[in-house]
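Subject: Handing over the structure

Hi,

Here is the structure I promised to pass on. Have a look at it first, and then read on for what turned up.

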Amino acid sequence: MKSVFILFMLFLLSFFTKAQNNLPFAVEILQNGYDCKFILKQDISTQNIIISIDVKGNIELSVNDQAEIKYYWLETSVGGKIEQIDDIKIEYYFDANNAGKIKKIGNLLFTYYDYQAHESKTGKVKSIGNYTFDYHDFMAEEGKTGKISKIGNILINYYYGFENSGKISRIGNIRINYNTDFDDNINSGKTVSIVGSQEGVIIKTPVFFQKL
């Protein structure tokens, strides 16, 4: 009976660990495939704030609706940065390694890779709440180094070599394909298909939007 209980507890631990490492997010991909951002699921303490991160680990904030925004006025490392959005306060680091970087939005904690990490990671965001981020290191092929390689357990990859080098190619089980025609083909390099699915991941792209 005791062994059954232990196995059950191990199962629960494995389940919750997997759930935490595969938190949902949306991916906004521009038609050229070079520019995309990962939009994180809203936390209850930041419900009017949209938090996203691009392939190089840069954080972007926007709001869902109308918002009142306050800024820091003092001439410090946070001078001119956002202090508050509606009732949600934003805190920043003051230590030498992360001075001026976001520390908290509401109760959501941000951490960063320190100087002991490889230069392809140093200073880049390591976690936002329960979301964790890893990056392709210096051993990666050209066009991939320093870009996000994982969000939780979901692998992120990029094309390397030839004309599509550096474009996002895979998000978990989702594959993004591009036109590979050379010369002056008007469709050269554009997205031609998005294939597959990944639990918790939503793809947003203007590829099918056509102005008439």
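How many salt bridges does the structure hold? There are 4, where a salt bridge is a side-chain nitrogen of Lys or Arg within 4 Å of a carboxyl oxygen of Asp or Glu.

Before the details, a word on the ground rules. This is a predicted model, so local features need pLDDT of at least 70 and side-chain atom pairs count only at pLDDT 80 or more, while totals for chains, interfaces and linings use all residues. Residues are numbered from 1 along each chain as its sequence is written, and side-chain values use heavy atoms, with hydrogens and water left out.

Now the overall picture. The protein has 1 helix and 17 strands (DSSP runs numbered from the N terminus: H or I of at least four residues for helices, E of at least two for strands). Of its 212 residues, 34% are buried (buried is under 20% relative accessible area, exposed is over 50%, partly exposed is in between, with a 1.4 Å probe and protein chains only).

Back to the salt bridges. Glu28 pairs with Lys204, their closest N and O atoms being 3.7 Å apart. Since Glu28 sits in strand β1 (residues 25-29) and Lys204 in strand β17 (residues 201-204), this pair ties together parts that are 176 residues apart in sequence. Glu28 is partly exposed at 26% relative accessible area, and Lys204 is partly exposed at 38%.

Lys37 and Glu60 make another salt bridge, with the closest N and O atoms 2.8 Å apart. Lys37 is in strand β2 (residues 36-40) and Glu60 in strand β4 (residues 59-63), so parts 23 residues apart in sequence are tied together. A network of salt bridges links Glu28, Lys37, Glu60 and Lys204.

Then there is Asp134 with Lys121, again a salt bridge, whose closest N and O atoms are 2.8 Å apart. Asp134 belongs to strand β11 (residues 131-135), and Lys121 to the loop between β9 (108-112) and β10 (125-128). Here Asp134 is partly exposed, with a relative accessible area of 23%, whereas Lys121 is buried, at 18%.

One last thing to look for: Asp65, Glu68, Asp86 and Asp87 form a negative surface patch (patch residues have over 30% relative accessible area and no salt bridge, and like charges are joined within 9 Å; Asp and Glu count as negative). Asp86 is in the loop between β6 (82-85) and β7 (88-92).

Cheers

Conventions
Patches are made of residues with over 30% relative accessible area and no salt bridge: like charges are joined within 9 Å, nonpolar side chains (Val, Leu, Ile, Met, Phe, Trp, Tyr) within 5 Å. Accessible areas come from the Shrake-Rupley method with a 1.4 Å probe; for residues, only the protein chains shown count as cover. The place of a charge is taken as NZ of Lys, CZ of Arg, CG of Asp or CD of Glu.
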